Amino acid sequence: MLEINRDFVKEAKALIMDKINDKKVADIFEKCINNTIDTTVKIQDDETTFIITGDIPAMWLRDSVCQIRPYLLFAKENKGIQKMIEGLIKNHYKLIKIDPYANAFNESANGNGHHDDITEMLPEVWERKYEVDSLCFSLQLVYLYWKVTGKTDHINNEFTEVSNIILDLWKREQNHEKESAYRFQRLNSRARNNLDRGGLGTKTTYTGMTWSGFRPSDDACAYGYLVPSNMFAYTVLGYLVEIAKVLLNNEELASKAEVLRNEIEDGIQKYGIVHNKKYGSMYAYEVDGLGNSFLVDDANVPSLLSIPLIGYRKNDDPTYVNTRNYILSEDNQYYYKGKYAKGIGSPHTPEGYIWHISLAIEGLTSDTQKEKLDKIMMMKETDGDTLFMHESFDPNDPKNFTREWFSWANSMYCELVMDYCGLSLKEYI
C-alpha cells in the first residue's frame, strides 16, 4: 500500500462539515478518497505508479488521471501524493512510447486483456481502442502538476519525446483515410466494440480536427471526429505550447503544437457547430466532415457538458449555453429522469441509467453554489447505501447499479465536493 500522510483527509472532512454540514456527504468523501489509494494504486519497482480502474485489473490512461485529480488539490505540501503523481506521469511516458494508440495497459507484459482483437496488440496492452482523450489527459496531468506544485523535474527530455509522439499521431489522424495504419475489430461482440469497414471506421474527410476511433466510454464513434475530444486536444496543445516556450525554450516543439492547435480549432468552428431550430447554434457531439452530425451528449468525459472543465470555453459562452440547454433536456436521447435523479447516461450502460460522473460534471460546470450542492445531494441519495459512487444507476431504484468498484466516479464526487468547499483546479485550467 502506498504510504501517504492522510491528515489532508481529516482536514478536508472537517471543511466539508463546516461548509455543507452533512455527515453522509463527508463520510462518502472520506471513504472514496481513501479507497482509491488503498485499493487501486500500486508503486512499481521502477517507481512508476500503476492505477487500476477498479474492478478491472488494468490501467486506463484517462481513468488513472481522473482518479488522482482530487489529490492534486493537496499535492503541494504532501510528499506521498507527489510520489504517487510523479510515478503516474513516468508510467504514462513509458506506456505511450510502447503504444500511443492503446487506451488501457497491463501491469506488466503479461498478455492479459483483449488479445483476440484484430489490431496490433502487444503483451503490455490490455485494450487498443484508440481514443484522443487518453493522450489529452496525459498532457493535462503534466501541466496541472507543474502549475499546482511548481515542480518541473517531470518536464524533461522524455516529455519532449512523448509530446512529439502525440503530435505526430494527431497530425497523422487528421488524414485518417489516407495516412493511418490503425485498424480495430472485435468480432462476435456488440456493434459498439467494432469499427466499420474492416476496422477503419465510418468514412470521414479532412476537417482539421483529429480522428478518434472510440469515445471515452470505449464505445465506437458513430462519426470519426469526436468534437469534445478535439476541444480537449485544443486545450492541452495550448498547455504544450506554454511548456515548450516557458520551460523548455523549444520553439520547434511550440510551433509544431501551435500549428496543429489552430488547425483543430478551425475544424471545430467550421464543422463542429450546427444550428438547431429550438436551441440555436450549438456544438455537435460527432461529425464526419461530409455533412453528417450526431446531436447528443454522453456521460463520459470529455463531453460537451464538460467544455468549461476541460478549458475550451467558459460556462457563459453562448454556444456552450445553447448546447448545455439541449443536452440537459429530453431532446438529448441519453438524458434520463427518475424518482431520485435526473441526468445524462450512456449507451454503454442500461437504458435509463444515469452516471454519477455526469452529475459531478454538471455540478463542476455550474456557476451557482446552489446547483453544485443540488448535485452533491443527488449523488449522496443515489449511492445505493454503499457510501460509494458507481458507473451508472437506476434513478428510480439506486440500489440497482453497474460497477460496484469504479474509482473514477468516486474521485469525481470528491472533486465536486472540494470545489463546492472552495478548493478547485479551475484556476489552473
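Mentor: Of the 429 residues, 62% count as buried. Keep in mind that this is a predicted model. Contacts tell a related story. Take those in the protein with a separation of 6 or more: residues 24 or more positions apart account for 67% of them. The accessible surface comes to about 16,100 Å². Carbon and sulfur atoms hold 45% of that surface.

Now the secondary structure. The protein has 14 helices and 14 strands. Its radius of gyration is 20 Å, close to the 22 Å that the globule rule gives for 429 residues, so the protein is as compact as a globular protein of that length. Along the principal axes, the C-alpha trace spans about 55 × 50 × 45 Å.

Here is the part you asked for. Three strands make an open sheet, ordered E6-E9-E10, with antiparallel pairing. Strand E6 (225–226) and strand E10 (293–294) are the edge strands. Each of these two pairs on one side only. In general, strands of a sheet pair through backbone hydrogen bonds, either parallel or antiparallel.

Look at the E6 side. Strand E9 covers residues 286–287. Two bridges join E6 to E9, and the two strands run antiparallel. Tyr225 stands opposite Val287 in E9.

Last, the charges. The protein carries 49 positive and 64 negative charges. The mean positions of the two sets are 2 Å apart.

Definitions and conventions: Residues are numbered from 1 along each chain as its sequence is written. This is a predicted model: local features need pLDDT of at least 70, side-chain atom pairs count only at pLDDT 80 or more; totals for chains, interfaces and linings use all residues. Side-chain values use heavy atoms; hydrogens and water are left out. Two strands pair if DSSP finds at least two bridges between them. Helices (H or I, at least four residues) and strands (E, at least two) are DSSP runs, numbered from the N terminus. The radius of gyration is taken over C-alpha atoms; the globule rule is 2.2 Å times the number of residues to the power 0.38. Buried means under 20% relative accessible area, exposed over 50%, partly exposed in between (1.4 Å probe, protein chains only). Contact means heavy atoms within 4.5 Å. Accessible areas come from the Shrake-Rupley method with a 1.4 Å probe; for residues, only the protein chains shown count as cover. Lys and Arg count as positive and Asp and Glu as negative; His and the chain ends are not counted. The place of a charge is taken as NZ of Lys, CZ of Arg, CG of Asp or CD of Glu.
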